[in-house]
Amino acid sequence: MFAVYADRFSSDDPLSGLVVGERPDPEVPDGWTTVEVKAASLNHHDLWSLRGVGLKEEQLPMILGCDAAGLDEDGNDVVVHAVISSPAWEGDETFDPRRSLLSERHQGSFAAKVAVPRRNLVPKPASLTFEQAACLPTAWLTAYRMLFTRGGLKPGETVLVQGAGGGVATAAVVLGRAAGLRVWVTSRDEAKRAKAVGVGAHEAFESGARLPERVDAVVETVGKATWSHSVRSLRPGGRIITSGTTSGADVEDPELTRTFFLQLSVIGSTMGTREELAALMRFLDSTGTRPLIDRTIPFEDAREGFAAMAEGEVFGKIVFTFGQGAR
Ligand SMILES: NC(=O)c1ccc[n+]([C@@H]2O[C@H](COP(=O)([O-])OP(=O)(O)OC[C@H]3O[C@@H](n4cnc5c(N)ncnc54)[C@H](OP(=O)(O)O)[C@@H]3O)[C@@H](O)[C@H]2O)c1
C-alpha cells in the first residue's frame with residue numbers, strides 16, 4: 001500500500017530518511033481494526049521520528065503519522081485517537097506508563113490504511129471535514145488538555161501562548177478565544193503575529209517582549225528559547241503548562257528562585273484521552289470553531305509539508321489527503 005515512512009535517522013538532515021513509497025498492509029491484532037485513511041495531519045513528532053527521537057534502528061522502516069480521519073471497516077466516518085494504551089489499561093490513557101503514539105511502536109497513519117485498537121475510533125461529527133478532523137488527535141487535543149484539563153483555565157483569565165505559528169500554539173489561540181479567555185501570543189515573526197491576531201489572539205508580542213501585565217497561565221511548547229520569558233511573565237500563583245521543547249530542553253536558567261518565591265506551578269501535559277477528543281469535537285461542533293489549516297497537500301507531495309515544518313514556515317496545521325476522495 002501507499003505509505004510515507006522513515007527508513008533511516010538523521011538528526012541534522014531529518015528529511016534525508018523520508019520515503020514516499022510502498023509498504024505492506026498493516027497487521028491487525030485481535031481487538032484491532034483498520035481505517036481507510038482520508039486525511040492525516042503532520043506534527044512536529046514526525047520530524048522528531050526522522051531525527052531518531054523515540055524510535056530505535058531496529059524499528060525501521062516505520063510509517064510516520066499520529067493523526068488520521070477516515071472510514072472504518074463498516075464505512076463510518078471516524079477519527080483515530082492516537083494514544084495506544086496497553087490492552088488491560090482502564091481510565092486516563094495518557095497515564096498508562098506503557099502507552100505509545102501511532103508511529104512509535106505501531107505503524108503510523110501516513111498510509112492508505114492504518115491499524116488501530118477498535119476502542120481508539122471516535123465518530124467524526126458531520127460538521128467537520130476529514131481534513132479538519134485529521135488536525136485534532138495530536139495538536140488540537142494537546143492544546144485542549146493543556147488549557148482546560150491540566151491548566152484549568154477559566155473564562156476571563158489571561159493566557160500567554162508562546163510561538164504563535166505552531167500547530168499546538170494556533171490550536172490554543174483558537175480554542176482559548178472560543179472559550180472566553182484573554183489570549184496573548186508571542187512570535188519571532190511579524191507576519192505570524194498579525195495572523196495570530198487575525199485568528200483570535202487579543203494581542204501579539206515579539207518573542208521575549210515585556211508584557212503590559214502578568215498573565216494567569218502560559219502555554220509552553222517552545223522550551224529553551226522561551227522558558228525564562230514564560231516564568232517571568234506569570235503573576236504570583238500563576239502556572240506554566242508545558243508539552244513540548246521545539247527549541248531544545250536544555251534550559252540555561254530554569255528560574256527556580258522566582259518559581260518558589262512567586263509560588264508558580266509548572267504543569268506537564270501530554271496528548272489527551274479518548275473522552276477529551278470526543279469533548280473537543282463536541283466543543284467544535286457546538287461553537288462553530290474550526291481547526292486552522294495552513295495548507296492541504298496530496299500525500300504524494302508529503303515531503304513539501306515536512307520541509308515547511310522543518311523550516312518553521314507554518315501557521316496552523318499541514319494536512320495530507322488522498323486525491324479528491326476526502327470531503
Ligand atoms: N507532549 C505532547 O503530547 C505533545 C503533543 C503535540 C506536540 N508536542 C510538542 O510540542 C511542540 C510543538 O509542536 P507543534 O506540532 O505545534 O510544532 P510546530 O508546529 O513545528 O511549532 C513550531 C513553533 O515553535 C516556535 N519556535 C520554534 N523554534 C523556536 C525558537 N527557537 N524560538 C521561539 N519559538 C520557536 C515557532 O513559533 P514562531 O515562529 O511563531 O516564533 C513555531 O511556530 C513540539 O516540540 C512537539 O513535539 C507535544
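How much of the accessible surface of this protein belongs to carbon and sulfur atoms? Of about 13,700 Å², the share is 49%; areas come from the Shrake-Rupley method with a 1.4 Å probe, and for residues only the protein chains shown count as cover.

Some ground rules. This is a predicted model, where local features need pLDDT of at least 70 and side-chain atom pairs count only at pLDDT 80 or more, while totals for chains, interfaces and linings use all residues. Residues are numbered from 1 along each chain as its sequence is written, and side-chain values use heavy atoms, with hydrogens and water left out.

Now the overall fold. The protein has nine helices and 18 strands, taken as DSSP runs numbered from the N terminus (helices H or I, at least four residues; strands E, at least two). Its radius of gyration is 19 Å, close to the 20 Å from the globule rule for 327 residues, so the protein is as compact as a globular protein of that length. That radius is taken over C-alpha atoms, and the rule is 2.2 Å times the number of residues to the power 0.38. Buried residues make up 57% of the 327, where buried means under 20% relative accessible area with a 1.4 Å probe, protein chains only.

Next, helix 4, residues 167-178. From first C-alpha to last, helix 4 reaches 17 Å, close to the 16 Å expected, which is 1.5 Å times one less than its number of residues. Ten of its twelve residues are buried, among them Gly167, Val173 and Leu175. Just after helix 4, Gly180 takes a positive phi of about 85°.

Key:
Buried < 20%, exposed > 50% of the residue type's maximum accessible area, 1.4 Å probe, protein only.
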